[in-house]
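Student: I would like to learn how to read the features of this model. Where do we start?

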Amino acid sequence: MSGTTAYLAEGPRVGIRHFSYRDAEEFTTLAGKSKELHHPWLFPPADAETFAVYARRLIEDPAKAGFLVCERAGSAAGRIAGFININNIVTGAFRSGALGYGAFEHAAGRGLMREGLAQVMRYAFGSLGLHRLEVNVQPANEASIALVRRAGFRLEGYSPDFLFIDGAWRDHQRWAITAEMLPGH
């Protein structure tokens with residue numbers, strides 16, 4: 001665990017914070033243990049070299065914002081539960097970003113990513129000044145679809161051959177939420 005406790009937002013069980021280069025060992029170890037959970041949907045970096053490239057983009061590229069979802073309580077305090085990235089951030093009249101995310105095996109099915117996603121959404125619509133977040137999900141990825149549906153995203157469309165993943169062009173459903181759709185807005 002990185003020991004970093006300065007969260008950008010906190011909930012009852014998790015906090016979100018930005019990526020750090022110091023997270024390489026914990027992140028890659030967890031990614032290695034989560035290969036079966038992630039396959040065939042995503043392939044997070046599983047070694048120090050690929051993590052450094054991945055983290056550099058999230059840390060240095062103004063069109064990206066990377067967040068680690070970290071547990072807050074007990075002996076697991078500070079442990080990374082998953083990650084949520086906002087990619088392709090566009091400002092101006094569009095004020096939008098595309099989400100990518102993944103839970104690590106030890107955190108899957110515990111509701112930690114649901115709590116972390118709610119915090120990222122509030123941060124994106126508040127501090128980042130975005131108006132819209134979009135998620136593209138492969139239709140067979142039932143866990144991911146359930147996550148965005150519970151978070152209030154609406155299904156907007158279907159994109160055939162949308163992303164090249166695991167050696168083939170994959171169809172995706174497009175889900176989105178705007179700031180006005182958040183409860184209490």
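Tutor: With strand pairing. Two strands pair if DSSP finds at least two bridges between them. Helices (H or I, at least four residues) and strands (E, at least two) are DSSP runs, numbered from the N terminus. In this structure, E3 and E4 pair in the antiparallel sense over 6 bridges. Within that pairing, Ala65 has Ile86 in E4 as its bridge partner.

Student: What kind of model is this?

Tutor: A predicted model: local features need pLDDT of at least 70, side-chain atom pairs count only at pLDDT 80 or more, and totals for chains, interfaces and linings use all residues. Residues are numbered from 1 along each chain as its sequence is written, and side-chain values use heavy atoms, with hydrogens and water left out.

Student: In what order do the strands form the sheet?

Tutor: Strands of a sheet pair through backbone hydrogen bonds, either parallel or antiparallel. Here 8 strands make an open sheet, ordered E1-E2-E3-E4-E5-E6-E8-E7, with mixed pairing. Strand E1 (9-10) and strand E7 (154-165) stand at the edges with a single partner strand each, so one side of each is left without a neighbour in the sheet.

Student: Which residues stand opposite each other?

Tutor: Take two pairings. Strand E2 (residues 14-18) pairs with E3 in the antiparallel sense, over 5 bridges. There, Arg17 stands opposite Leu68 in E3. E5 and strand E6 (residues 132-137) run parallel, joined by 4 bridges. Ala98 stands opposite Glu134 in E6.

Student: How many residues of E3 are buried?

Tutor: Buried means under 20% relative accessible area, exposed over 50%, partly exposed in between (1.4 Å probe, protein chains only). In E3, 7 of the 7 residues are buried, so the strand is largely enclosed by the rest of the structure. Both faces are covered: one carries Ala65, Phe67, Val69 and Glu71, the other Gly66, Leu68 and Cys70.

Student: What do the buried residues of H1 pack against?

Tutor: Contact means heavy atoms within 4.5 Å. Ala24, Glu26, Phe27, Thr28, Leu30 and Ala31 are buried in H1. The buried residues of H1 pack against helix H2 (35-38), helix H3 (48-60), strand E3 (65-71) and E4.

Student: At what angle do H1 and H3 cross?

Tutor: Axes are lines fitted to C-alpha atoms, for helices over the stretch in contact, and angles run from 0 to 180 degrees between N-to-C directions. The axes of H1 and H3 come within 10 Å and cross at roughly 110°. Ala24, Phe27 and Thr28 in H1 meet Ala48, Phe51 and Tyr54 in H3.

Student: How many aromatic pairs are there?

Tutor: Rings of Phe, Tyr and Trp (its six-membered ring) pair if their centres lie within 6.5 Å; planes under 30 degrees apart count as stacked, over 60 as edge-to-face and the rest as tilted. By this rule there are 10 aromatic pairs. The rings of Phe27 and Phe83 have centres 5.4 Å apart and planes at 50°, so the pair is tilted. This pair links distant parts of the chain: Phe27 is in helix H1 (residues 24-33) and Phe83 in strand E4 (residues 80-90), 56 residues apart. Both Phe27 and Phe83 are buried.

Student: Which residues form the aromatic cluster?

Tutor: Phe19, Phe27, Phe51, Tyr54, Phe83 and Phe104 form one aromatic cluster.
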